[in-house]
Amino acid sequence: MKQFIAYLLILTFTLFAPLSLSAAQTEEEELKTMMIEKSEIFYSILRDKSSDTETREQKVLDEVSPLFDFNLMARLSLNKKIWKSISKEQRKQFSDIFVARIKRSYLNKMDIFADTEVLIQASTRVKKNRIQVTASLKTKTDTKEIIYKFYLTKKREWLIYDVEVVGVSFLQSYRSQYASFLKEHSFDELLKKLENDDEKPA
C-alpha cells in the first residue's frame, strides 16, 4: 500500500489545476495542456537546488493545495453508511487527518521524485461532468499507468477526486481498509490509530 501511495502522490501533487476553457480547445485538451504545464512547474521547483528542502516543499504545497478537493476525497474514502453514522466533529477530525497524511506522505518522498518522468497520454470525457486523463509514470526500473478522475464543480472548476494506479483505485483501497478496521473497532479508535500512525517516522 505504501508503494501504491508513493506512485499516486508523485503525480497527484504535480499535475492538476482548475480550467478556464478557451474557444480554441475542448475541455479535454485544455485539461491535458494544464496538466503538462503543472508538471513542468513541479519539477522546476523540485530541482531548484538554490532553495532548501523546506522552501521547496512549501512552494509545492502552495502551488497545488488549492487545486484538489481533499475534503471530498476524505469523504469518499469512507462508505456512505459510515459517513452518515458519524458526527460533524468526527467528520472534520477525520478529514483533517486524511488530508494531512496525504500531504505528509508526499513530502516525505520528494527526494525520489526527481528521478521520475511523467508522460501525459490521453484525456477522455466519460460523462458530462467527468473527465479521465491517462498518464505514464516512468522510474529507473519500470513504468506505471495512471488514470486521473476529475469532476466539474459547481464553480466550473475541474478537480481531482480519485486516481487509479495500474487499475487500483486510491479511494477504494482506503475505503476497504477503513471498512475492515471498523468491523471490529469504533470510529474513535480509527481516528486514534490514524493519529498514532501519523506520528511515526516515515
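Mentor: Glu63 sits in helix H3. A helix here is a DSSP run of H or I with at least four residues, a strand is a run of E with at least two, and both are numbered from the N terminus. Before we go on, note that this is a predicted model: local features need pLDDT of at least 70, side-chain atom pairs count only at pLDDT 80 or more, and totals for chains, interfaces and linings use all residues. Residues are numbered from 1 along each chain as its sequence is written, and side-chain values use heavy atoms, with hydrogens and water left out.

The cut-offs are simple: buried is under 20% relative accessible area, exposed is over 50%, and partly exposed is in between (1.4 Å probe, protein chains only). Now look at what Glu63 touches. Beyond its neighbours within four places in sequence, Glu63 is in contact with Lys38 and Ile41. Contact means heavy atoms within 4.5 Å. Ile45 and Glu63 are 18 residues apart in sequence, and their C-alpha atoms are 9.9 Å apart in space.

Ile45 leads us to Arg56. Setting aside residues up to four places away in sequence, Arg56 touches Ile45, Leu46, Asp48, Lys49 and Ser51. Arg56 is also in helix H3. With a relative accessible area of 10%, Arg56 counts as buried.

Now take H3 as a whole. It covers residues 53-64, which is 12 residues. At 1.5 Å a residue they should span 16 Å, and the end C-alpha atoms are 17 Å apart, so the two values agree. The expected span is 1.5 Å times one less than the number of residues. Which residues of H3 are buried? They are Arg56, Val60, Leu61 and Val64. Seen down the axis, these buried residues fall within an arc of 135 degrees, so they line one face of H3. That arc is taken from the directions from the helix axis to the C-beta atoms. The face of H3 turned away from the buried side carries the exposed residues Glu54 and Asp62.

The protein has nine helices and five strands. From the N terminus on, the order is α-α-α-α-α-α-α-β-β-β-β-β-α-α. Of the 202 residues, 48% are buried. Among contacts with a separation of 6 or more, 56% join residues 24 or more positions apart.

The largest nonpolar core has 51 residues. Such a core is a set of buried Ala, Val, Leu, Ile, Met, Phe, Trp, Tyr and Cys residues joined through side-chain atoms within 4.5 Å. Phe94, Phe98, Tyr148 and Phe187 have the most contacts inside it. Helix H6 (residues 88-108) gives the largest share of this core, seven residues. H6 has 21 residues, which should span 30 Å at 1.5 Å a residue, and its end C-alpha atoms are 30 Å apart, so that agrees too. Buried residues of H6 include Gln90, Phe94, Ile97 and Phe98.

Phe187 ties in here. Leaving aside neighbours within four places in sequence, it is in contact with Leu78, Ile82, Ile86, Gln90, Phe94 and Leu182.

The rings are worth a look. A search of the whole structure finds 10 aromatic pairs. One of them is Phe42 and Tyr43, edge-to-face, with 5.0 Å centre to centre and 75 degrees between the planes. Rings of Phe, Tyr and Trp (its six-membered ring) pair if their centres lie within 6.5 Å; planes under 30 degrees apart count as stacked, over 60 as edge-to-face and the rest as tilted. Phe42 is buried at 3% relative accessible area, and Tyr43 is buried at 8%. Phe94, Phe98, Phe170, Tyr174, Tyr178 and Phe187 form one aromatic cluster.

Finally, two loop residues. Most residues other than glycine have a negative phi. Arg156 is not a glycine, yet its phi is positive, about 65 degrees. Arg156 lies in the loop between strand E3 (143-152) and strand E4 (158-165), and it is exposed at 54% relative accessible area. Val166 also has a positive phi, about 45 degrees, without being a glycine. Val166 is in the loop between E4 and strand E5 (168-169), and it is partly exposed at 49%.
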